[in-house]
Amino acid sequence: MAKKRKQQFSVGTEESIADCLDRMKKEGYRPVRRMEKPVFKENGSKTPVISHQQIIFEGILEEDER
């Protein structure tokens, strides 16, 4: 089965950004975009509060450039 041309990679909670980029490289992808999305949680008064930022990289296959 062929790999997808574009794929998103999320940085895990116990993973550094460098680890995520290394994982992308091992799978044959090159990062082209970095996105940060807020992760919300509810506090006692049922209002959403930002818990942390989730970092997501979008990668394209290295083969596509050749």
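The model is predicted, so local features need pLDDT of at least 70 and side-chain atom pairs count only at pLDDT 80 or more, while totals for chains, interfaces and linings use all residues. Residues are numbered from 1 along each chain as its sequence is written, and side-chain values use heavy atoms, with hydrogens and water left out.

Next, select β1 (6-10) together with β3 (residues 48-61). The two run antiparallel and are joined by five bridges. Strands here are DSSP runs (E, at least two residues), as helices are (H or I, at least four), numbered from the N terminus; two strands pair if DSSP finds at least two bridges between them.

Now show β2 (29-42). β2 pairs with β3 in the antiparallel sense over 13 bridges; arginine 34 has phenylalanine 57 in β3 as its bridge partner. Five residues separate β2 and β3 in their hairpin, and lysine 46 in the turn has a positive phi of about 65°.

Zoom out to the open sheet, ordered β1-β3-β2. β1 and β2 are at the edges with a single partner strand each, so one side of each lacks a neighbour in the sheet.

Finally, colour by pLDDT, the predictor's confidence in each residue, from 0 to 100. The chain averages 89.
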